[in-house]
Amino acid sequence: MSTSRDSGDSIAFGLFGAGGFAREVMPLVREELMDRGRGDRRATIELFFVEPEPHVAELNGYQVISDSAFMRILGARRQFNVAIGDSRVRERVVRQCLDNGLEPVSLKSPRATIYEGNAIGEGAILCANTIITSNTTIGRFFHLNLFSYVAHDCVVGDYVTFAPNVHCNGNVHVHDHAYVGTGAIIKQGTPAKPLVIGKGAVVGMGAVVTKDVAPDTTVVGNPARPLVHH
Ligand SMILES: CC(C)(COP(=O)(O)OP(=O)(O)OC[C@H]1O[C@@H](n2cnc3c(N)ncnc32)[C@H](O)[C@@H]1OP(=O)(O)O)[C@@H](O)C(=O)NCCC(=O)NCCS
């Protein structure tokens with residue numbers, strides 16, 4: 001898929017990942033880079049899905065190419081984001097991209113809302129109908145999936161993933177690599193005592209989190225408790 005304009009720089013945008021989430025994110029890339037005319041309007045922009053070993057040549061009208069093929073593209077500004085839910089894989093891919101001189105681009109749906117006083121790290125993906133309210137600090141390569149919100153004074157680490165419809169209330173601290181499942185509700189903390197979701201913790205879909213979650217622990221249920229495998 002390419003859009004040619006008169007002349008000027010060309011941009012090759014690689015969306016790493018070719019799974020369901022990546023297919024949901026590609027329209028945001030279109031909106032961010034093309035439809036809203038961001039950057040040089042004269043640029044030629046090509047969008048690619050990028051995955052280690054492509055099984056198909058095309059998805060939804062976009063070429064699918066390998067990491068190595070994307071890294072070899074010459075004569076274009078190479079930009080990227082990573083639509084891979086697994087945060088450890090996401091971090092590895094980001095490092096590989098940065099080491100190869102690619103430029104990260106954050107993606108925000110026109111139907112995502114950011115209020116005031118927020119500091120959001122590079123590479124965020126903010127899907128449709130998401131809201132980041134006020135005075136939050138958010139790390140790198142955050143995924144905020146459909147209908148989720150992050151409320152006032154939250155602090156979110158790097159490579160954090162919020163599935164759809166997460167309600168993260170005020171003064172919650174979510175550490176690096178935490179994953180919050182669909183429909184989870186997280187109770188507000190206070191400035192003096194934020195509610196903490198530990199590093200690498202997993203909050204199951206539908207959980208109602210009323211207390212801190214320890215690092216690398218999975219919690220489920222209402223109220224959320226550590227998951228016990230039977
Ligand atoms: C919590 C979660 C991570 C556990 O995954 P898992 O370790 O593979 O667990 P299993 O599917 O083996 O389930 C283990 C037990 O927990 C139960 N369980 C799983 N998820 C649960 C949840 N969210 N709430 C309550 N119970 C849950 C299962 O029924 C099972 O119970 P049993 O032992 O009595 O049969 C996963 O179920 C989950 O909620 N993931 C988030 C999914 C999501 O939001 N996806 C969004 C895609 S965009």
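This is a predicted model: local features need pLDDT of at least 70, side-chain atom pairs count only at pLDDT 80 or more; totals for chains, interfaces and linings use all residues.

I began with strand S2 (residues 10-16), which pairs with S3 in the parallel sense over seven bridges. Across that pairing, Ile11 stands opposite Ile45 in S3. I then looked for another partner and found strand S5 (residues 62-65), which pairs with S3 in the parallel sense over three bridges. There, Phe48 stands opposite Gln63 in S5. How many residues of strand S3 (residues 44-50) are buried? I got five of seven, so I wrote S3 down as mostly covered.

**Entry 1: the open sheet.** Next I traced a sheet of six strands, which is open and runs in the order S9-S12-S15-S18-S21-S24. The pairing in this sheet is parallel. Which strands stand at the edges? They are strand S9 (113-114) and strand S24 (208-209); each has a single partner strand, so one side of each is left without a neighbour in the sheet.

Strand S15 (residues 149-150) and strand S18 (residues 167-168) pair in the parallel sense over two bridges. The bridge partner of Val150 in S18 is Cys168.

**Entry 2: aromatic rings.** I searched the whole structure for aromatic pairs and found seven. I logged Phe141 and Tyr159 as a stacked pair, with 5.9 Å centre to centre and 5 degrees between the planes. Phe141 sits in the loop between strand S13 (137-138) and strand S14 (143-144), and Tyr159 in the loop between strand S16 (155-156) and strand S17 (161-162), so the pair ties together parts that are 18 residues apart in sequence. Are these two residues buried or exposed? Both Phe141 and Tyr159 are buried.

I went on to Phe142 and Phe162. Their ring centres are 5.2 Å apart and their planes stand at 80 degrees, so I noted the pair as edge-to-face. Phe142 has a relative accessible area of 0% and is buried. Phe162 also counts as buried, at 1% relative accessibility.

Finally I followed the ring pairs along. They link Phe16, Phe48, Phe70, Phe80, Phe141 and Tyr159 into a cluster. I was pleased to meet Phe48 again here, having seen it opposite Gln63 in S5.

**Entry 3: a histidine in S14.** I stopped at His143, which lies in strand S14. With a relative accessible area of 2%, His143 is buried. What does its side chain contact? The side chain of His143 makes a polar contact with the side chain of Arg90, at 3.3 Å.

**Entry 4: around the ligand.** I counted 13 residues surrounding the ligand, and the closest are Thr182, Met205, Leu227, His229 and His230. I sorted the shell by type and got seven nonpolar, six polar and no charged residues.

Then I listed some distances between polar atoms. A backbone N or O atom of Thr182 lies 2.7 Å from an oxygen atom of the ligand. For Met205, a polar backbone atom is 2.9 Å from a nitrogen atom of the ligand. For His229, a polar side-chain atom lies 3.3 Å from a ligand oxygen atom. How much of the ligand does the protein bury? Taken alone the ligand exposes 910 Å², and the protein buries 47% of that.

Entry 5: I ended with the backbone angles. The peptide bond from Asn222 to Pro223 is cis, with omega near -5 degrees. Pro223 lies in the loop between strand S25 (218-220) and strand S26 (225-226).

I also noted two positive phi values in residues other than glycine. Asp153 has phi near 65 degrees; I placed Asp153 in the loop between S15 and S16. Its relative accessibility is 33%, and Asp153 counts as partly exposed. Asp216 has phi near 50 degrees and belongs to the loop between S24 and S25. At a relative accessible area of 60%, Asp216 is exposed.

Technical notes: Residues are numbered from 1 along each chain as its sequence is written. Side-chain values use heavy atoms; hydrogens and water are left out. Rings of Phe, Tyr and Trp (its six-membered ring) pair if their centres lie within 6.5 Å; planes under 30 degrees apart count as stacked, over 60 as edge-to-face and the rest as tilted. Helices (H or I, at least four residues) and strands (E, at least two) are DSSP runs, numbered from the N terminus. Buried means under 20% relative accessible area, exposed over 50%, partly exposed in between (1.4 Å probe, protein chains only). Two strands pair if DSSP finds at least two bridges between them. A residue is near a molecule or strand if one of its heavy atoms lies within 4 Å of it. A polar contact is a pair of N or O atoms within 3.5 Å; within protein, one must be able to donate a hydrogen and the other to accept it, and residues adjacent in sequence count only if both atoms are side-chain atoms. Accessible areas come from the Shrake-Rupley method with a 1.4 Å probe; for residues, only the protein chains shown count as cover. Ala, Val, Leu, Ile, Met, Phe, Trp, Tyr, Cys and Pro count as nonpolar, Asp, Glu, Lys and Arg as charged, and the others, Gly among them, as polar.
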